[in-house]
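Hi,

Here is the structure I promised to pass on. Have a look at it first, and then read my notes below.

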Amino acid sequence: MYRDASPMLVLLPPLQWVTAGRNSTDHPGGSCRPARWGYPGAVQSWVVIANGPWRWEPWSVELVRRAAGVVAVDGGANHLARIGVRPAAVVGDLDSISPAVRAWVGEERVVPAPDQEHTDLHKGLDYVFNR
């Protein structure tokens, strides 16, 4: 059986260990203790949620709710609906999103991408980088 090894949660750009106004990798020998995962300065984060086995944890719910933007990849919208987060867009061939979630999201946010040459995750990342 084929199993997609794609990550369910994609952060753009990737999170970094951040301390009091400095990235810990800036310190020789990494001697500074990281205060939290985050973004230094004014970097805006986007989260892409793909379909796959997933259990929401408090940290992941908070991360999604604090993101500058959220894009669902097809059935990833079903996961977002469980925590009440409406994505800015749902991208993909739309074969996995439930009809009830699609109606809840709204057709104005649905971006059909029927192309079968690329995975839905690729289409979602392409949407974020080229929007």
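Let me start with the charged pairs. Arg55 counts as exposed, at 64% relative accessibility (exposed is over 50% relative accessible area, buried is under 20%, and partly exposed is in between, with a 1.4 Å probe and protein chains only). Its salt-bridge partner is Glu57, with the closest N and O atoms 4.0 Å apart; Glu57 counts as partly exposed, at 34%. By salt bridge I mean a side-chain nitrogen of Lys or Arg within 4 Å of a carboxyl oxygen of Asp or Glu.

Before I go on, please keep in mind that this is a predicted model: local features need pLDDT of at least 70, side-chain atom pairs count only at pLDDT 80 or more, and totals for chains, interfaces and linings use all residues. Residues are numbered from 1 along each chain as its sequence is written, and side-chain values use heavy atoms, with hydrogens and water left out.

A search of the whole structure turns up four salt bridges. Among them is Glu62 with Arg66, at 3.5 Å from N to O. Both residues sit in helix α1 (residues 58–66), four residues apart, or about one turn of the helix. Glu62 is partly exposed at 44%, and Arg66 is exposed at 66%. (Helices, H or I and at least four residues, and strands, E and at least two, are DSSP runs numbered from the N terminus.)

Another of the salt bridges joins Asp120 and Lys123, at 3.3 Å. Are these two buried or exposed? Asp120 is buried, with a relative accessible area of 16%, and Lys123 is buried too, at 8%. They are three residues apart in helix α4 (residues 120–130), so about one helical turn separates them.

Now the inside. Nonpolar side chains tend to be buried together in soluble globular proteins. A nonpolar core here is a set of buried Ala, Val, Leu, Ile, Met, Phe, Trp, Tyr and Cys residues joined through side-chain atoms within 4.5 Å. The largest one has 19 residues, and those touching the most other members are Ile49, Trp56, Val64, Val70, Leu80 and Val90. At least two residues of this core come from each of β4 (46–49), α1, β5 (69–73), α2 (76–82) and α3 (99–105). Helix α1 gives the largest share, three residues. Apart from this core lies another, of ten residues, including Ala89, Ala113, Leu121 and Val128.

Leaving out residues up to four places away in sequence, Val70 touches Trp46, Val47, Ile49, Val64, Leu80, Val85, Pro87, Ala88 and Ala89 (a contact means heavy atoms within 4.5 Å).

As for the overall layout, the protein has four helices and seven strands, running β-β-β-β-α-β-α-β-α-β-α from the N terminus on. Buried residues make up 41% of its 131 residues.

The mean pLDDT (the predictor's confidence in each residue, from 0 to 100) is 77, and 66% of the residues reach 70 or more.

Cheers
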